[in-house]
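Here is my notebook from an afternoon of looking things up. Come along and check each entry with me.

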Amino acid sequence: MAGLRGAAGSRVDAASTRYVDIFLGVDNETCSLAEPCKTVGKAVAVAVDGDTIQIASGVYEENLILTKRLTLLGAGAEETILDGKGEG
């Protein structure tokens, strides 16, 4: 992944879009458009601050802890559902 240099000369990775599809995905290390992840949790784990996670329609039964600055985008409130089953 291409990176930028910060003020102190440290490397800063450019933000990326990660993709999730519960039906077509397989959890991998890139969560790319061509090879989306199956779970939102894997996409969150792979993502870096500033990334966007594009989540396809479906019900994702997961508990997530977000410790990064991320944008989560679904296919719509009635199309993409994150269901923590009342936990977390």
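This is a predicted model: local features need pLDDT of at least 70, side-chain atom pairs count only at pLDDT 80 or more; totals for chains, interfaces and linings use all residues.

**Entry 1: a bridge to start from.** I looked up Thr52 and found that its bridge partner in β6 is Thr71.

Entry 2: Next I followed strand β4 (residues 52–55), which pairs with β6 in the parallel sense over three bridges. Two strands count as a pair if DSSP finds at least two bridges between them. As a reminder to myself, strands of a sheet pair through backbone hydrogen bonds, either parallel or antiparallel. In which order do the strands of the open sheet run? I read β3-β4-β6, three strands with parallel pairing. The edges are β3 (17–20) and β6, each with a single partner strand, so one side of each has no neighbour in the sheet. On average, neighbouring strands here are turned by 20 degrees against each other, direction ignored. For that angle, axes are lines fitted to C-alpha atoms (for helices over the stretch in contact), and angles run from 0 to 180 degrees between N-to-C directions.

**Entry 3: Asp51.** Is Asp51 buried or exposed? I found Asp51 buried, because its relative accessibility is 0%. My cut-offs are under 20% relative accessible area for buried, over 50% for exposed, and partly exposed in between (1.4 Å probe, protein chains only). Asp51 sits in the loop between α1 (40–46) and β4. Not counting residues up to four places away in sequence, Asp51 touches Ala14, Ala15, Ser16, Arg18, Arg69, Leu70 and Thr71. Contact here means heavy atoms within 4.5 Å.

**Entry 4: Arg69.** I then turned to Arg69, in the loop between β5 (58–60) and β6. Arg69 counts as exposed because its relative accessibility is 60%. Its contacts, leaving aside neighbours within four places in sequence, are Val48, Asp49, Gly50 and Asp51. I also checked Arg69 against Thr52: they are 17 residues apart in sequence and 9.2 Å apart in space, C-alpha to C-alpha.

**Entry 5: Val48.** Val48 is in the loop between α1 and β4, and it is partly exposed at 27% relative accessible area. Beyond its neighbours within four places in sequence, Val48 is in contact with Arg18, Lys68, Arg69 and Leu70. From Val48 to Leu70 I noted 22 residues in sequence and 7.7 Å in space, C-alpha to C-alpha.

**Entry 6: two positive phi values.** Cys31, in the loop between β3 and α1, has a phi near 50 degrees, a positive value in a residue other than glycine. Cys31 is buried, with a relative accessible area of 0%. Lys85 lies in the segment after β7 (80–82) and counts as exposed at 53% relative accessibility.

**Entry 7: back to β6.** My last stop was Leu72, found in strand β6 (residues 71–73). Leu72 counts as partly exposed at 32% relative accessibility.

Terms used
Residues are numbered from 1 along each chain as its sequence is written. Side-chain values use heavy atoms; hydrogens and water are left out. Helices (H or I, at least four residues) and strands (E, at least two) are DSSP runs, numbered from the N terminus.
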